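Dear colleague,

I am passing on a structure that you have not worked with before, and below it I have set out what was found. Please read the notes with the structure open beside them.

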Amino acid sequence: MKALVLNEGNPYPILQDFPDPSPQPEEVVVDMKASALNHRDVWITKGKYPGIKYPIVLGSDGSGLMDGHPVVIQPGMNWGNDERFQGKQYHILGSPKNGTFAQQIALNSHQIFSLPSHLDFIEAAALPLAGLTAFRVLFTRCQAKTGEKLLMTGIGGGVALACLQFAVAIGMDVFVTSSSGEKIERAVALGAKGGVNYRNPLWNKELQAASADGFDVIMDSAGGEGFQHLVKLCAPGGRIGIYGGTAGPIQNLSPQLIFWRQISVLGSTMGSDRDFEAMLAFVENHAIRPVVDSVYKMEDVEKAFVRMAEGKQFGKIVLDLS
């Protein structure tokens, strides 16, 4: 089969022949139709991910056919027996196990789920990792509810956009932040009430004015210096969900603001099979279509990685594997 393989010393995966998968007794083979990039794929190419073994087929997201039936792949493996947190054996497709940037993949059957009926293969490939992460942090961890106000920081990435779409679907009032006015406008087109540019030194003041009594739920994947302002923007009894830390350690955080306002700070990453199944049902029931930024052929994988590294995308970058 053909696969996109990262070899040691190469800056990007290359399209090459690769051995067909040899399924174990509990595994099935999926004929892949599409896969999507994630930031972890970029980090792996830069050697900034633990346990990298070469050669490796990257890719965590994917959709395809199993025995002629349209399916989507749950990228998380071996969550464990406790729904509250992942076990020590938990890992994600695409390292150390070969991933979805290939024409075929062998997986345990419990990782295979029916494709939501309203989605095509490209849209479905954009859903798994981002949708799962968004669903768990928004609903399982932060218990978001209809009528509440949500602040979604850093709009444009897959998880942030999924959070926006999920929140709008249940009737939350959503505000966003971005360094791009265009991304804010596109978020408003998807149902956000408004947004601010975090490059503006007074961005937090603008959000204070927009939120009145504060935000009930805040989603953040950056951390860093700006996090201290998020706590001040949180309503009493509010929840802050953290699913990433791209801006580094949190600085100058006042614990008094957290305990006096009864604020909950909740960490979250990926999700269990139960979360994944619930997320797919939610997407089906609300007819949600993941936002796709761009689609590339396998031979254009370098262009896809460059776009991901530039951070200019709005939605998921998808590889057409057909």
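Does Phe305 count as buried, partly exposed or exposed, and at what relative accessibility? In this predicted model, Phe305 has 1% relative accessibility and therefore counts as buried, whereas Tyr12, at 25% relative accessibility, counts as partly exposed.

These two residues belong together, since the structure holds 10 aromatic pairs, and one of them is formed by Tyr12 and Phe305, whose ring centres lie 6.2 Å apart with the planes at 65°, so that the pair is edge-to-face. The pair joins distant parts of the chain, with Tyr12 in the loop between strand 1 (2-6) and strand 2 (14-17) and Phe305 in helix 10 (residues 301-310), 293 residues apart.

Another edge-to-face pair is that of Phe135 and Phe139, because their ring centres are 5.1 Å apart and their planes stand at 65°. Both residues lie in helix 3, 4 residues apart, or about one turn of the helix, and both are buried. Ring pairs also link Phe135 and Phe139 with Phe166 and Phe282 into a cluster.

Helix 3 (residues 128-141) also packs with helix 4 (residues 158-169) at an angle of about 55°, the axes being 8 Å apart, and the two helices are therefore oblique to each other, with a right-handed crossing. Among the residues that make this contact are Phe135, Leu138 and Phe139 of helix 3 and Ala162, Cys163 and Phe166 of helix 4. Counted by class, the contact has 11 nonpolar residues, 3 polar ones and no charged ones.

How values were computed: Residues are numbered from 1 along each chain as its sequence is written. This is a predicted model: local features need pLDDT of at least 70, side-chain atom pairs count only at pLDDT 80 or more; totals for chains, interfaces and linings use all residues. Side-chain values use heavy atoms; hydrogens and water are left out. Axes are lines fitted to C-alpha atoms, for helices over the stretch in contact, and angles run from 0 to 180 degrees between N-to-C directions. Angles under 35 degrees count as roughly parallel, over 145 as roughly antiparallel, 65 to 115 as roughly perpendicular and the rest as oblique. A crossing is left-handed if the near helix is turned anticlockwise from the far one by less than a right angle, and right-handed if clockwise. Contact means heavy atoms within 4.5 Å. Ala, Val, Leu, Ile, Met, Phe, Trp, Tyr, Cys and Pro count as nonpolar, Asp, Glu, Lys and Arg as charged, and the others, Gly among them, as polar. Rings of Phe, Tyr and Trp (its six-membered ring) pair if their centres lie within 6.5 Å; planes under 30 degrees apart count as stacked, over 60 as edge-to-face and the rest as tilted. Buried means under 20% relative accessible area, exposed over 50%, partly exposed in between (1.4 Å probe, protein chains only).
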